[in-house]
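Visitor: I would like to learn how to read the features of a protein model, one at a time. Please show me the structure and take me through it.

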Amino acid sequence: QVRLVESGGGLMQAGGSLRLSCAVSGIRLGVNAANAMGWYRQALGKQRELVALSARGADTTYADSVKGRAAISRDSAKNTVYLQLNNLEPEDTAVYYCNIRDGSWRAFWGQGTQVTVSS
């Protein structure tokens, strides 16, 4: 059973930084198990949107709104995906979700972590 658990959210100050973590169980990151890993976010009253996506055989993709401020990475030993987001803006306020696609491209989601950025 694949399970994703996000952490690292909370109340942040504009201009600050955060690192979100996504602990993955039930599937191995990299090594032919997971085809893609990504972070999405959903602000109140808006649709869920892509923040960062790292897919096998493709360049990493970032939303225009976070380009130059965001970095997605993984620690294979910890089977954990990270999102580093710097120079936070109030517009970054949202629930952030981790997403993994397995070798058959089935999508799995975490429960989300709330990030609130105050000005």
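Visitor: Which residue lies over the face of Tyr 82?

Guide: This is a predicted model, and the distances come from its atoms. To count as a charge over a ring, CZ of Arg must be within 6 Å of the ring centre and within 35 degrees of the ring normal. Arg 19 lies over the face of Tyr 82, 4.1 Å from the ring centre. Another case is Arg 48, which lies over the face of Tyr 97 at 3.7 Å from the ring centre.

Visitor: Which strand holds Tyr 82, and what is its bridge partner?

Guide: Strands of a sheet pair through backbone hydrogen bonds, and the pairing is either parallel or antiparallel. Tyr 82 is in S8 and has Ser 73 as its bridge partner. S7 and S8 run antiparallel and are joined by six bridges.

Visitor: What is the strand order in the open sheet of four strands?

Guide: The order is S1-S3-S8-S7, with antiparallel pairing. At the edges are strand S1 (3-7) and strand S7 (70-75), each of which pairs on one side only. On average, neighbouring strands of this sheet are turned by 20 degrees against each other, direction ignored.

Visitor: Where does Cys 22 lie, and where does Cys 98 lie?

Guide: A disulfide is a covalent bond between the sulfur atoms of two cysteines. Here Cys 22 and Cys 98 form one, with their sulfur atoms 2.2 Å apart. Cys 22 belongs to strand S3 (residues 18-25) and Cys 98 to strand S9, so the pair ties together parts that are 76 residues apart in sequence. The link is left-handed, with -85 degrees about the S-S bond. The count of disulfides comes to one.

Visitor: Are Cys 22 and Cys 98 buried or exposed?

Guide: Both Cys 22 and Cys 98 are buried. As for S9, seven of its nine residues are buried, and the strand is mostly covered.

Visitor: Which strands does S9 pair with?

Guide: Eight bridges join S9 to S4, and the two run antiparallel. S9 also runs antiparallel to strand S11 (residues 113-118), with three bridges, and to strand S10 (residues 107-109), again with three bridges. For individual positions, Tyr 96 of S9 is the bridge partner of Arg 41 and also stands opposite Thr 113 in S11. Ile 100 stands opposite Phe 108 in S10. The hairpin of S9 and S10 has four residues between the strands, and Trp 105 takes a positive phi near 65 degrees there.

Visitor: Arg 41 has come up already. With which residues does Arg 41 form a salt bridge?

Guide: Side chains of opposite charge can pair when their charged atoms come close. Arg 41 forms a salt bridge with Glu 49, the closest N and O atoms being 2.8 Å apart, and another with Asp 92, at 3.0 Å from N to O. Arg 41 lies in strand S4 (residues 34-42) and Asp 92 in the loop between strand S8 (80-85) and strand S9 (94-102), so this pair ties together parts that are 51 residues apart in sequence.

Visitor: Why does Arg 41 count as buried, and how does Glu 49 count?

Guide: Buried means under 20% relative accessible area. Arg 41 counts as buried because its relative accessibility is 5%. Glu 49, at 36%, counts as partly exposed. Asp 92 is buried, as is Arg 41.

Visitor: How many aromatic pairs does the structure hold?

Guide: There are two aromatic pairs. Tyr 40 and Trp 109 form an edge-to-face pair, 5.0 Å centre to centre with 65 degrees between the planes. Tyr 40 is in strand S4 and Trp 109 in strand S10, 69 residues apart. The rings of Tyr 97 and Trp 109 have their centres 6.5 Å apart and their planes at 85 degrees, so this pair is edge-to-face. Tyr 40, Tyr 97 and Trp 109 form one aromatic cluster.

Visitor: How do Tyr 40, Tyr 97 and Trp 109 count by accessibility?

Guide: Tyr 40 is buried, at 17% relative accessible area, and Tyr 97 is buried at 14%. Trp 109 is partly exposed, at 38%.

How values were computed
Residues numbered from 1 in each chain as written. Predicted model: local features only at pLDDT ≥ 70, side-chain atom pairs only at ≥ 80, totals over all residues. Heavy atoms only, no water. Salt bridge = Lys/Arg side-chain N within 4 Å of Asp/Glu carboxyl O. Buried < 20%, exposed > 50% of the residue type's maximum accessible area, 1.4 Å probe, protein only. Pairing = 2+ DSSP bridges. Axes fitted to C-alpha atoms, helices over the stretch in contact; angles between N-to-C directions. Disulfide = S-S within 2.5 Å. Phe/Tyr/Trp six-rings, centres within 6.5 Å; stacked < 30°, edge-to-face > 60°.
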